[in-house]
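Here are a few notes to read alongside the model.

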Amino acid sequence: MALKVEHEIHKRRFGRNMGVALVLVSFIFVVFGLTVVKVTSGDFQPQKPEVQQ
Amino acid sequence: MSDVSFDSKIAEREAGFGDYFALLKPRVMSLVVFTAFVGLLAAPNAVHPMIAFASILFIAVGGGASGALNMWWDADIDRVMKRTKNRPIPSGKVDADDALAIGLTLSAMAVIMLALAANLLAGFMLAFTIFFYVVIYSMWLKRSTPQNIVIGGAAGAFPPVIGWVVATGSMSIEPWLMFALVFMWTPPHFWALALFMRSDYDDAGVPMLTVTHGRRSTRNHILGYTVVLAILAIGTAFTSIGGPIYFLVALVLNLLFLKGAFDIWRRDEDASETDNFAVERSFFKLSLLYLFLHFGAILAEALLRPYGYGGWAWL
């Protein structure tokens, strides 16, 4: 008898964990992309120029 | 208890990733994505592609979250209806509490992220849409009035308005025309379904028009709503989101839709049962194409606008 029995549930659990991991990594990329666009398009510039001095 | 029985019990209860994804009603989500996308592109302001992508994504997640909350609330009637008994909660794949947790978490995340990515008004509109679908429609109206579909249709009609608000940050008449298109389309679409999925809503005790006012009255209602929808859909051709392409598409589709509604109105139950509701079924299929092509035509007008061919001005 094999020492380690691979049950169908292990595959399902692995698939679920991979799915959640992919969603989280994609979310990081979306937030990063948004941040780059917002910063480069000037959305986060202070409204009064003298604040920068 | 043997190891084998212990294992199989866990195996039955543990959901896969696909089961959680099914909670988000992917097919409804695809309609939300498409109409929100059209609303965003039909707006006069250009949006950075990354902001447009993220906004549509968060609108889709918000729509999916409201689907999960709807499944959590409606699990008892979903168990009874043929059409819904294989959904993740009634089939035992996902716990109702898990669905609630996923729905609430994704709702909050989608609303906050949309407000940050686009603007506060868009975030507020998404929050209101989720509230409307879950609380006003699912919890309150669905089980208490035969007008459930009419008022509930509003929830599905908000995405193009949210898409417009993402681009402009403000309201105007055009997104509400797209809202009205989905809003008026929903009742005939669902009542046709209720005519041929006859026992489902009776069994679940949902006060569908077919149950409360009878099937004759439902046929009358389908025709009445389709006439108003046709006037509205063709009239939209002469606004700033319409144009000759939209006009031609709307004219053909609305003539076909009116003919279908008229055929349904003219038939009685005996005629319908003889051919197993063939006319009602084909009207339902046409209704799916109807909405897709109307929004497709609005999209075409919007995409041609930068080249000088959108709207009526170039003719």
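Which helix of chain B does K285(B) lie in? Let me take that up in the first point, keeping in mind that this is a predicted model.

1. **A charged patch.** K285(B) belongs to helix α15 of chain B, which covers residues 278–304. On the surface, K285(B) gathers with K82(B), K85(B) and R281(B) in a patch of positive charge. With a relative accessible area of 62%, K285(B) is exposed.

2. Is S287(B) buried or exposed? Its relative accessibility is 0%, so S287(B) counts as buried. The side chain of S287(B) makes a polar contact of 2.8 Å with the side chain of H189(B).

3. Over all chains, the structure holds 12 salt bridges. One of them pairs D74(B) with R143(B), whose closest N and O atoms are 2.9 Å apart. D74(B) sits in the loop between α4 (49–73) and α5 (75–78), and R143(B) in the loop between α7 (120–141) and α8 (148–168) of chain B, so this pair ties together parts that are 69 residues apart in sequence. D74(B) is buried at 0% relative accessible area, whereas R143(B) is partly exposed at 32%.

4. **A bridge between two helices.** E269(B) and R215(B) form a salt bridge too, with 2.7 Å between the closest N and O atoms. Because E269(B) lies in helix α14 (residues 269–274) and R215(B) in helix α12 (residues 214–235) of chain B, the pair links parts that are 54 residues apart in sequence. R215(B) is buried, at a relative accessible area of 17%.

5. D275(B) and R267(B) meet through their side chains in a salt bridge of 2.8 Å, N to O. Here D275(B) is partly exposed, with 35% relative accessible area, while R267(B) is buried, with 12%. Salt bridges with shared partners join R215(B), R219(B), R267(B), E269(B), D275(B) and E280(B) into one network.

6. **A buried loop residue.** A15(B) is placed in the loop between α1 (3–13) and α2 (17–22) of chain B. A relative accessibility of 2% means that A15(B) counts as buried. Between the C-alpha atoms of A15(B) and D202(B) there are 31 Å, the two residues being 187 residues apart along the chain.

7. **Chain A.** How many helices and strands does chain A have? Its secondary structure comes to 1 helix and 0 strands. Of the 53 residues in chain A, 15% are buried. Chain A exposes about 4600 Å², and carbon and sulfur atoms supply 67% of that area.

Definitions and conventions:
Residues are numbered from 1 along each chain as its sequence is written. Chains are lettered from A and ligands numbered from 1 in the order in which they are written. This is a predicted model: local features need pLDDT of at least 70, side-chain atom pairs count only at pLDDT 80 or more; totals for chains, interfaces and linings use all residues. Side-chain values use heavy atoms; hydrogens and water are left out. Patches are made of residues with over 30% relative accessible area and no salt bridge: like charges are joined within 9 Å, nonpolar side chains (Val, Leu, Ile, Met, Phe, Trp, Tyr) within 5 Å. Accessible areas come from the Shrake-Rupley method with a 1.4 Å probe; for residues, only the protein chains shown count as cover. A salt bridge is a side-chain nitrogen of Lys or Arg within 4 Å of a carboxyl oxygen of Asp or Glu. Lys and Arg count as positive and Asp and Glu as negative; His and the chain ends are not counted. The place of a charge is taken as NZ of Lys, CZ of Arg, CG of Asp or CD of Glu. Helices (H or I, at least four residues) and strands (E, at least two) are DSSP runs, numbered from the N terminus. Buried means under 20% relative accessible area, exposed over 50%, partly exposed in between (1.4 Å probe, protein chains only). A polar contact is a pair of N or O atoms within 3.5 Å; within protein, one must be able to donate a hydrogen and the other to accept it, and residues adjacent in sequence count only if both atoms are side-chain atoms.
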